[in-house]
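Let's walk through a protein model together.

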Amino acid sequence: MPKNVVCKKCNNLVNGWCEKVIDSPDPDMQRDCQHFCEKTNADRIRSMTDDELNELFYDIYNAGAEDAVAYEWGQRTNSFEWTMEWLQNPAE
């Protein structure tokens, strides 16, 4: 059982509700949860609204040095391996 996991980083938390433990936890709360499943960047993108997705793409294509992740993604969009690795990384 994972110790001290944070609900907002869990893929089971949808719209503030966790169906695995049937409650609406404080997303910043730490707790022990056997159902914890870390949310990846791909999971985060799947749950975005059109406006959030549009903002993400805008940030990526207009990124400067101050946003290293977006800048790197914008510079390496032709790298299948890098994109797959980024999508499977834990969401920030």
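Is Asn15 buried or exposed? Asn15 counts as exposed, because its relative accessibility is 80%; the cut-offs are under 20% relative accessible area for buried, over 50% for exposed, and partly exposed in between (1.4 Å probe, protein chains only).

Keep in mind that this is a predicted model, where local features need pLDDT of at least 70 and side-chain atom pairs count only at pLDDT 80 or more, while totals for chains, interfaces and linings use all residues. Residues are numbered from 1 along each chain as its sequence is written, and side-chain values use heavy atoms, with hydrogens and water left out.

**The overall layout**

- The protein chain has four helices and four strands, and along the sequence they come in the order β-β-β-β-α-α-α-α.
- Helices (H or I, at least four residues) and strands (E, at least two) are DSSP runs, numbered from the N terminus.
- Of the 92 residues in the protein chain, 29% are buried.
- Take the contacts (heavy atoms within 4.5 Å) in the protein chain with a separation of 6 or more: 53% of them are between residues 24 or more positions apart.

**Salt bridges**

- The structure holds three salt bridges, each being a side-chain nitrogen of Lys or Arg within 4 Å of a carboxyl oxygen of Asp or Glu.
- One of them joins the side chains of Lys8 and Asp28, at 2.9 Å from N to O.
- Lys8 sits in the loop between β1 (5–6) and β2 (13–14) and Asp28 in the loop between β3 (17–18) and β4 (30–31), so this pair ties together parts that are 20 residues apart in sequence.
- Lys8 is partly exposed at 46% relative accessibility, and Asp28 is partly exposed too, at 48%.
- Another salt bridge links Arg31 and Asp23, at 2.8 Å from N to O; Arg31 is buried, with a relative accessible area of 18%, whereas Asp23 is partly exposed at 22%.
- Arg46 pairs up with Asp43, their closest N and O atoms being 2.7 Å apart.
- Arg46 and Asp43 are about one helical turn apart, because they are three residues apart in helix α1 (residues 41–46).
- Arg46 is exposed at 63% relative accessible area, but Asp43 counts as buried at 17%.

**A negative patch**

- Asp50, Asp51, Glu52, Glu55 and Asp59 form a negative surface patch.
- Patches are made of residues with over 30% relative accessible area and no salt bridge, with like charges joined within 9 Å and nonpolar side chains (Val, Leu, Ile, Met, Phe, Trp, Tyr) within 5 Å.
- Asp51 belongs to helix α2 (residues 50–61), and it counts as exposed at 64% relative accessibility.

**Positive phi angles**

- Asn15, in the loop between β2 and β3, has a phi near 55 degrees, which is a positive value in a residue other than glycine.
- Ile22 is found in the loop between β3 and β4, and its phi is near 50 degrees, again positive in a residue other than glycine.
- Ile22 is exposed, with a relative accessible area of 66%.

Notes: Areas by Shrake-Rupley, 256 points an atom, 1.4 Å probe, with all protein chains shown as cover. Lys, Arg positive; Asp, Glu negative; His and termini not counted. Charge placed at Lys NZ, Arg CZ, Asp CG, Glu CD.
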